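Me: Hi! I'm new to this one, could you walk me through it?
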Amino acid sequence: MKLGLNALVKFAFGIALVGTMIFVPAGTLNFPNGWLFIVLLFLPMLLFGAFLLIKSPGLLEKRLKAKEKEDTQKGVVAISGILFIVGFIVAGLDFRFSWSHVPAWLCVFASAILLVSYAFYIEVMRENAYLSRTIEVQEGQKVVDTGLYGIVRHPMYAVTVWLFLSIPLVLGSLWSLLCFLPYVAVIAIRIVNEEKVLESGLDGYTEYKKRVKYRLIPFIW
């Protein structure tokens, strides 16, 4: 009950925060792309959160944990937060002042990418019960090398890149897309640091790196 309440409070706070960052700069609640994004992001989140609460409360608890211990990761989280705040605000301002135009077909395509990315996100969490939002090696943790982990070493980050880069297009803002693009570099920094932690603390990870050569994008990096 306590875990469910904690998750619900954070969920409601997330909606309020994102809504404020989008609709206040837009100067109106009549921002269709803003509402589309809210539904696409938070409805699957609510359904999946309810599923985890029933089927895997331990994993839900780990996903709610957000306090990093590594200094590098603290910096990554801070920079990511700034990028998202600026990106959402710019999207609202873009709608208000008509700075750019995203065609309807591209908005629909981006919405599909967001939902597909969310589906892969759920699949990654199904494959790896050790996932948490912080960089750490957990007691009894083993290397997961099946499924998407047999293609790239960090499928969760690969999925989130697609998910987050689709957000500004769903919101109908090319200027917001420019604000979100540096997130790719931020994720790369997070991955490099995370692998140092895993190599030093997780048995078998060095061998796993030899078997699965690519971190984020097959045949590229």
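Reply: Happy to. Helices are DSSP runs of H or I with at least four residues, numbered from the N terminus. The expected span of a helix is 1.5 Å times one less than its number of residues. This is a predicted model, where local features need pLDDT of at least 70, side-chain atom pairs count only at pLDDT 80 or more, and totals for chains, interfaces and linings use all residues. Residues are numbered from 1 along each chain as its sequence is written, and side-chain values use heavy atoms, without hydrogens and water.

Me: OK, how many residues has helix H5, and how far does it reach?
Reply: Helix H5 covers residues 104-127, so 24 residues by the DSSP runs. From first C-alpha to last it reaches 35 Å, close to the 34 Å expected.

Me: Which residues of H5 are buried?
Reply: Among them are Leu106, Cys107, Leu114, Tyr118 and Tyr121. Buried means under 20% relative accessible area, exposed over 50%, and partly exposed in between (1.4 Å probe, protein chains only).

Me: Switching topic: how many aromatic pairs are there?
Reply: The count comes to 15. Rings of Phe, Tyr and Trp (its six-membered ring) pair if their centres lie within 6.5 Å; planes under 30 degrees apart are stacked, over 60 edge-to-face, the rest tilted.

Me: What kind of pair do Phe11 and Phe42 form?
Reply: An edge-to-face one, with 5.7 Å between centres and 80 degrees between planes. Phe11 lies in helix H1 and Phe42 in helix H2, 31 residues apart.

Me: Is Phe42 buried or exposed?
Reply: Phe42 is buried, at 6% relative accessibility.

Me: Which residues do ring pairs link into a cluster?
Reply: Phe37, Phe84, Phe88, Phe164, Phe180 and Tyr183.

Notes:
Helices (H or I, at least four residues) and strands (E, at least two) are DSSP runs, numbered from the N terminus.
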